[in-house]
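Work through the exercises below with the sequence and the model open. Try each task before reading its solution.

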Amino acid sequence: MLIVLSIGILVGAFGAMLGVGGGILLIPLLTGFLGVPIKTAVGASILCVVATSCAAGAVYVGRGLTHNRLAMNLEVATTAGALTGGVTAVLMKPNLLAGLFGAVLICVALTMSKVARGDASGGRTGLLDTSYVDPLTGAVVRYGVRNLRKGMAASFVAGNLSGLLGIGGGIVQVPLMSVFMGVPLRAAIATSNFMIGVTAATSAAIYYSHGYVNLRIAIPTALGVLVGAQIGTRLGGRVRNRRLKQIFQALLLVFAVQMLYQALWR
Amino acid sequence: MRDEEQPEATDPMPAPSGADPIMHLAMGLPDLSATADEDQEIASGRDLNRMVHWMLIVGLMLSTAFLVTGLGLSAFYRMPVPERPSSPARVLAGVVEGSPASLLEIGILLLIATPVLRVVGSLALFVGTRNWRYAGATLLVLLILAAGLALGRS
């Protein structure tokens, strides 16, 4: 149990720092190192996402980094996606699930590489304008949102991934918001953390009632994650945008490879 | 003034910390103070922020309390943590008995419920401030959540 707890702390910290729920880290870790069957790992992961989201979300909302209104718009799409994804997941073969997972991770990693140095954001757009205070520099950053409709469509896909794979969807949301929708990376991370909780809760409801949640694994993980998220939100505030993105991409690649290996050779 | 780090995502003309609006105008920079409409948005935004913040923290505290208590009790009584969750009726019965397993299950359920409560809270806030657009969006999310629960039961 202590191992699972420590994994939880690690995952929670990274998740909170990078705007993901931790599922993309947790599932490969559980299935790879502890040999947990994938559907069980997915069940634990979905809880972990909810935990990270609430814990990190609370801190980020308190700092004013989350774009609540944008989040609430996108949530309609993500939860709808989570619904369809979750239903499909229950019916899917485990190997297929793992393979899909790996493929998705690679796609996202590639997308992030295509991003130019720095963010595509900057300036108000007249749509959903807001601002925040950058924790690192103390400057006030104002921005608006672009491509809302396409963003909603992409969020629907993210929601499907959430329901299907037991992740929060943050792995898609963060690049989507920061690259495509003009949200600065830090705010994208904070907003993503905030959003994925609801997405994951939708999937969690489905998973829980179908008995995919193994309490013995899920509970220590969740507790570890709650602790880790506290660490992660504070740590993330000290790190520069560019560094955050690099860590994100590195992680994606590592786990993409891991999952594909699992799908093909286990 | 902090010079060692240029923020990577800012307006074309970023605001230095401790900005003075009048000086900005004098230097030909755009007036960065908010308009009245934006003040409204910002004010209600702050209310939303505060409420969401509060709900998340309360939900987390409750959930953690149950989980930690449940774990503590199960360690104390040397009862193993169960693998699969049981039905709601059994959970409630278990709480009355003081069964650690039930406490754990309630902890998890509370955890899942926290984002849901957050959505409900924001719905209430939007209705209260007559922000119908966002009330509608939030209601939609709730309906989808309910559908998820309904699907789960079957």
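## Exercises on a predicted model

**Exercise 1. State the accessible surface of chain B and the share that belongs to carbon and sulfur atoms.**

Solution. The accessible surface of chain B comes to about 9200 Å², and carbon and sulfur atoms hold 66% of that surface. Such areas come from the Shrake-Rupley method with a 1.4 Å probe, and for residues only the protein chains shown count as cover.

Before going on, note the conventions. This is a predicted model, in which local features need pLDDT of at least 70 and side-chain atom pairs count only at pLDDT 80 or more, while totals for chains, interfaces and linings use all residues. Residues are numbered from 1 along each chain as its sequence is written, chains are lettered from A and ligands numbered from 1 in the order in which they are written, and side-chain values use heavy atoms, with hydrogens and water left out.

**Exercise 2. Describe the make-up of chain B.**

Solution. Step one: list the elements. Chain B has five helices and zero strands (DSSP runs, H or I of at least four residues for helices and E of at least two for strands, numbered from the N terminus). Step two: take burial. Of the 154 residues in chain B, 35% are buried (under 20% relative accessible area; exposed is over 50%, partly exposed in between; 1.4 Å probe, protein chains only). Step three: take contacts (heavy atoms within 4.5 Å). Among the contacts of chain B with a separation of 6 or more, 51% join residues 24 or more positions apart.

**Exercise 3. Describe how helix α2 of chain A packs on helix α3 of chain A.**

Solution. Step one: two packed helices are described by the angle between their axes and the distance between the axes. Step two: α2(A), residues 23-33, and α3(A), residues 38-63, pack at about 145° with axes 9 Å apart. Axes are lines fitted to C-alpha atoms, for helices over the stretch in contact, and angles run from 0 to 180 degrees between N-to-C directions. Step three: name the residues. The contact includes Leu26(A) and Leu30(A) of α2(A), and Val42(A) and Cys48(A) of α3(A).

**Exercise 4. Is Met72(A) buried or exposed, and which residues does Met72(A) touch?**

Solution. Step one: Met72(A) is found in helix α4 of chain A, residues 68-91. Step two: Met72(A) counts as buried because its relative accessibility is 2%. Step three: not counting residues up to four places away in sequence, Met72(A) touches Leu48(B), Arg118(B), Ser122(B), Phe126(B), Tyr134(B) and Ala137(B). Step four: the C-alpha atoms of Met72(A) and Phe194(A) are separated by 9.6 Å, with the two residues 122 apart along the chain.
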